[in-house]
Amino acid sequence: MKKTVLGAVALATLVLASPVVAQELTQWDQVEGWDIMVDPSLGNGCLIQAAYEDGSIVRIGFDRNNESAYVTAFNESWGEIVEGETYVVGFTLDDEPYEGEAKGIYLGGVPGADIAFTNEDFLFDIAKKYTMTLYNGDEQVMAIDLAGSYAALEAAVECQGAQ
């Protein structure tokens with residue numbers, strides 16, 4: 001699936017995905033098709049964001065409030081998500097399977113899932129891959145192209161240093 005910068009820029013004006021706090025994101029840079037942004041509600045945590053042709057918006061970033069990292073995805077077609085509810089999810093990185101928990105969230109009325117990690121280095125492991133596919137049970141929810149995400153995450157680390 002192809003990333004679209006227009007969708008990412010449009011979402012930059014929307015509020016944060018956090019179920020508790022809503023703040024506007026600040027554009028910091030753009031690297032290889034990913035927007036580099038600062039999220040004031042996450043302790044000025046930096047993130048990378050891309051929009052995809054299937055309507056998915058993906059954010060990968062750092063939560064400085066909780067000393068963690070996250071992958072968050074939103075898509076209007078995911079209408080069954082309940083905000084604050086925890087979901088068991090599976091995902092593959094280049095066909096290597098992982099399991100985790102995702103919390104249901106909303107961004108400007110669009111449902112999403114937030115997967116938090118305490119090991120920030122895992123984000124760079126993700127960025128070294130080519131494709132990430134998210135599953136709910138046996139059902140594929142989305143598959144995204146991770147092209148450019150490693151360079152974008154490096155820029156997000158530089159962004160963090162500037163905060």
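A residue is called buried when its relative accessible area is under 20% and exposed when that area is over 50%, with partly exposed in between. By that cut-off tyrosine 150 is partly exposed, because its relative accessible area is 32%. The model is a predicted one, and the points below are grouped by topic.

**Nonpolar cores**
- The largest nonpolar core comprises 39 residues, and those with the most contacts inside it are Ile36, Ile48, Ile60, Phe117, Leu123, Ile126 and Leu153.
- Apart from that core lies another of 6 residues, which includes Ala51, Ile57, Ile105 and Val110.
- When neighbours within four places in sequence are left aside, leucine 123 is in contact with Ile60, Gly61, Phe62, Ala69, Tyr70, Val71, Phe117 and Leu153.
- As general background, nonpolar side chains in soluble globular proteins tend to be buried together.

**Aromatic pairs**
- The structure holds 5 aromatic pairs, and one of them is stacked because the rings of phenylalanine 91 and tyrosine 98 have their centres 5.3 Å apart and their planes at 15°.
- Within this stacked pair, phenylalanine 91 is buried at a relative accessible area of 3%, whereas tyrosine 98 is partly exposed at 23%.
- Another aromatic pair, formed by phenylalanine 124 and tyrosine 150, is edge-to-face, with 5.5 Å from centre to centre and 75° between the planes.
- Because phenylalanine 124 lies in helix H2 (residues 121-127) and tyrosine 150 in helix H3 (residues 149-162), this pair ties together parts that are 26 residues apart in sequence.
- Phenylalanine 124 has a relative accessibility of 18% and therefore counts as buried.
- One aromatic cluster is formed by Phe91, Tyr98, Phe117 and Phe122.

- Threonine 92 has its place in strand S7, which covers residues 86-93, and counts as buried because its relative accessibility is 12%.
- Not counting residues up to four places away in sequence, threonine 92 touches Pro97, Thr131, Met132, Thr133 and Tyr135.
- Aspartate 94 is placed in the loop between S7 and strand S8 (96-107), and although aspartate 94 is not a glycine, it has a positive phi of about 50°.
- With a relative accessible area of 31%, aspartate 94 is partly exposed.

**The loop between strands S3 and S4**
- Asparagine 44 is found in the loop between strand S3 (34-39) and strand S4 (45-52), and has a positive phi of about 60° despite not being a glycine.
- Asparagine 44 counts as partly exposed, at 32% relative accessibility.

Definitions and conventions: Residues are numbered from 1 along each chain as its sequence is written. This is a predicted model: local features need pLDDT of at least 70, side-chain atom pairs count only at pLDDT 80 or more; totals for chains, interfaces and linings use all residues. Side-chain values use heavy atoms; hydrogens and water are left out. A nonpolar core is a set of buried Ala, Val, Leu, Ile, Met, Phe, Trp, Tyr and Cys residues joined through side-chain atoms within 4.5 Å. Buried means under 20% relative accessible area, exposed over 50%, partly exposed in between (1.4 Å probe, protein chains only). Contact means heavy atoms within 4.5 Å. Helices (H or I, at least four residues) and strands (E, at least two) are DSSP runs, numbered from the N terminus. Rings of Phe, Tyr and Trp (its six-membered ring) pair if their centres lie within 6.5 Å; planes under 30 degrees apart count as stacked, over 60 as edge-to-face and the rest as tilted.
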